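Hello,

I am passing a structure on to you, shown just under this paragraph. Please have it open while you read the notes that come after.

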Amino acid sequence: MSVLLRNCHEHDRQVGRGFALGETTIPSVTEKPVKSLEKIFDSSLKDSGAIKQTKRDLTIWLTAIDKSGLPGKFKAWIYQHGVLPRLLWPLSVYEVPTSTVEALEKSISQFLRRWLGLPRSLSSIALYGHSTKLHLLLSGLSEEFKVTRSREVLMYRDSRDIKVTAAGILLKTGRKWQAQEAVTKAEVRLRHKTLVGSVATGRAGFGCFPRPRYDLAHGKERRRLIQDEIRAEVEEERYTKMAGMSKQGA
């Protein structure tokens with residue numbers, strides 16, 4: 001889809017400079033924004049308005065779930081399987097910085113604590129952590145956002161279409177976290193694990209927990225390994241914060 005912008009005024013439309021198909025006048029993007037694949041294109045060509053609308057939509061969805069009268073565990077289930085997948089799409093098509101995603105996750109965490117009867121002071125690590133003793137089946141928005149954007153980087157880079165790979169598409173996710181650097185770092189970690197090889201885990205011997213090798217993986221399997229490594233890096237950051245909280249008296 002291509003969008004053509006012109007400096008159209010009311011006088012231009014009166015003299016017939018606007019687009020028309022027969023007797024049907026086609027409005028410009030200044031009059032009516034264009035929507036394609038749930039992405040809105042307006043005359044400003046900026047994503048700030050759409051990002052604000054996404055924030056408002058999230059507030060409306062969470063408030064509606066909160067007032068539904070359902071038990072708390074059902075409300076959390078609706079978020080996990082209804083709100084989260086629907087929210088990830090606009091975060092993928094628009095240039096949303098990571099700080100904005102983290103702010104949205106804080107709002108979601110407040111509702112989840114209320115629905116599950118948890119104290120307000122409970123850290124989000126207990127909600128979304130995978131290495132905690134009580135593992136809740138909830139996914140953090142920041143983690144899913146990073147995995148989704150990293151998958152998009154791999155999709156453009158490893159595409160079978162030469163024109164797509166040569167286009168040099170760069171994903172903008174702010175200065176706090178960048179998808180291209182995260183993918184490169186994950187690949188370096190996987191190559192290092194390949195050099196280290198299989199190690200003993202606990203009292204188990206070598207080979208009891210086999211892992212797929214990155215150098216032998218191809219296609220979908222290689223992309224899955226990179227995404228899992230990005231999830232592991234996010235979990236390491238949670239574990240680091242969790243280790244420091246004990247020294248702070250938390």
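This is a predicted model: local features need pLDDT of at least 70, side-chain atom pairs count only at pLDDT 80 or more; totals for chains, interfaces and linings use all residues.

Helix 3 itself: it covers residues 72-93. With 22 residues, helix 3 reaches 31 Å from its first C-alpha to its last, close to the 32 Å expected at 1.5 Å a residue. Helix 3 bends by about 35° at Val83, and the proline Pro85 follows within four residues.

Helix 3 and helix 4: helix 4 spans residues 98-116, and its axis comes within 10 Å of that of helix 3, with a crossing at roughly 165°. The two are therefore roughly antiparallel to each other, since angles over 145 degrees count as such. The crossing is right-handed. From helix 3, the contact takes in Gly72, Lys73, Lys75, Ala76, Tyr79, Leu87 and Leu91, and from helix 4 Val101, Leu104, Ile108, Leu112, Trp115 and Leu116. By class, these are 10 nonpolar, one polar and two charged residues.

Helix 3 and helix 6: the axes of helix 3 and helix 6 (residues 141-157) also come within 10 Å, and they cross at roughly 45°. That angle makes helix 3 oblique to helix 6. Helix 3 passes helix 6 in a right-handed crossing. On the helix 3 side, Tyr79, Leu84, Leu87, Leu88, Leu91, Ser92 and Val93 take part; on the helix 6 side, Leu141, Glu144, Phe145, Thr148, Arg149 and Glu152. This contact has eight nonpolar, two polar and three charged residues.

Regards

Definitions and conventions:
Residues are numbered from 1 along each chain as its sequence is written. Side-chain values use heavy atoms; hydrogens and water are left out. Axes are lines fitted to C-alpha atoms, for helices over the stretch in contact, and angles run from 0 to 180 degrees between N-to-C directions. Angles under 35 degrees count as roughly parallel, over 145 as roughly antiparallel, 65 to 115 as roughly perpendicular and the rest as oblique. A crossing is left-handed if the near helix is turned anticlockwise from the far one by less than a right angle, and right-handed if clockwise. Contact means heavy atoms within 4.5 Å. Ala, Val, Leu, Ile, Met, Phe, Trp, Tyr, Cys and Pro count as nonpolar, Asp, Glu, Lys and Arg as charged, and the others, Gly among them, as polar. The expected span of a helix is 1.5 Å times one less than its number of residues. The bend at a residue is the angle between axes fitted to the seven residues ending there and the seven starting there.
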